[in-house]
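Here's a quick briefing to read alongside the model. Have the sequence and the 3D view open as you go.

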Amino acid sequence: MNFFRKLFGTDKPSVLIKCPRCLGKGRVDQEDIRRLKQELIWSPGSCAYCNGTGTVDPEVVKNVPPNACFLITNLPEKERKKILNGHPDALERGRRYEEEIRQFIEQISYLHFKKGLNALDIAGFFLTGKELMETYETEKQELLLFIEEVVQNEKRADKNGFGAMGENSDW
Ligand SMILES: [Zn+2]
């Protein structure tokens, strides 16, 4: 009974919806990043939620929210698919990654706003013990840029009357 199988079977094609992360563009731009509050974590590029297609299976939205910060294009394809399928281990790894980033941002914010350290001091603090590494200067420059972004973001958030880290995500 091909008819019933098509109608009720598992091979029923699901109706795709417009990707809620990139709004159907296939690419995440600055505006999407602001809307999803990922200013410090994402940069513009191909959308990892819909894999650049602009549409997703509605099941995906149930499995993982569009602003899941850990779902990014430089994940291995297998891990990305696991996350989209709601695989518990992959989601747990993602949550841990998100938590680490949030703590890192909080530490930077604390060292700057509460302890009065400047970006260079903070970078030095995080890179303690790595001074002899070949990548030290590159890492330091990247870290300095990131610290600067965290500070600017916090100042903007303050002006708007809410703390950058104060908002609860879906997690
Ligand atoms: Zn998308």
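Predicted model: local features only at pLDDT ≥ 70, side-chain atom pairs only at ≥ 80, totals over all residues.

A residue counts as buried if 20 or more other C-beta atoms lie within 10 Å of its own, as exposed if 12 or fewer do, and as partly exposed in between, with the C-beta atoms placed from the backbone. Residue numbers start from 1 along each chain as its sequence is written.

**Confidence**

- pLDDT is the predictor's confidence in each residue, on a scale from 0 to 100.
- The protein chain has a mean pLDDT of 89, and 86% of its residues reach 70 or more.

**Overall layout**

- You'll find seven helices and four strands in the protein chain; these are DSSP runs numbered from the N terminus, with helices being H or I over at least four residues and strands being E over at least two.
- Reading from the N terminus, the order is α-β-β-α-β-β-α-α-α-α-α.
- Of the contacts in the protein chain with a separation of 6 or more, 55% are between residues 24 or more positions apart.

**How the helices pack**

- The axes of helix 5 (residues 88–114) and helix 7 (residues 136–159) come within 10 Å and cross at roughly 75°. That makes helix 5 roughly perpendicular to helix 7.
- On the helix 5 side, the contact uses Ile105, Ile108, Ser109, His112 and Phe113, and helix 7 brings Ile147, Val150, Val151 and Glu154.
- Sorted by class, the contact of helix 5 with helix 7 has six nonpolar, two polar and one charged residues; here Ala, Val, Leu, Ile, Met, Phe, Trp, Tyr, Cys and Pro count as nonpolar, Asp, Glu, Lys and Arg as charged, and the others, Gly among them, as polar.
- Helix 4 (residues 77–84) and helix 5 have axes that come within 8 Å and cross at roughly 100°. That makes helix 4 roughly perpendicular to helix 5.
- Here Glu79, Lys82 and Ile83 of helix 4 meet Ala90, Leu91 and Gly94 of helix 5. This contact has three nonpolar, one polar and two charged residues.
- For reference, axes are lines fitted to C-alpha atoms, for helices over the stretch in contact, and angles run from 0 to 180 degrees between N-to-C directions. Angles under 35 degrees count as roughly parallel, over 145 as roughly antiparallel, 65 to 115 as roughly perpendicular and the rest as oblique.

**Nonpolar cores**

- A nonpolar core is a set of buried Ala, Val, Leu, Ile, Met, Phe, Trp, Tyr and Cys residues joined through C-beta atoms within 7 Å.
- The largest one has 18 residues, and Cys19, Cys22, Cys47, Tyr49, Cys50, Val64 and Leu71 touch the most other members.
- Leaving aside neighbours within four places in sequence, Tyr49 contacts Cys19, Arg21, Cys22, Val56, Pro66 and Leu71.
- There's also a second, separate core of seven residues, including Leu40, Ile105, Ile147 and Val150.

**Loop residues to look at**

- Leu23 sits in the loop between strand 1 (17–18) and strand 2. Its phi is positive, about 60°, although Leu23 is not a glycine.
- Leu23 counts as partly exposed, with 17 C-beta neighbours inside 10 Å.
- Asn51, in the loop between strand 3 (45–46) and strand 4 (55–56), also has a positive phi of about 60° without being a glycine.
- Asn51 is partly exposed, with 17 other C-beta atoms within 10 Å.

**Along helix 7**

- Glu139 lies in helix 7 and is partly exposed, with 15 C-beta neighbours inside 10 Å.
- Apart from neighbours within four places in sequence, Glu139 is in contact with Leu127 and Lys130.
- Leu145 is in helix 7 too, and is exposed, with 12 other C-beta atoms within 10 Å.

Conventions. Contact = placed C-beta atoms within 7 Å.
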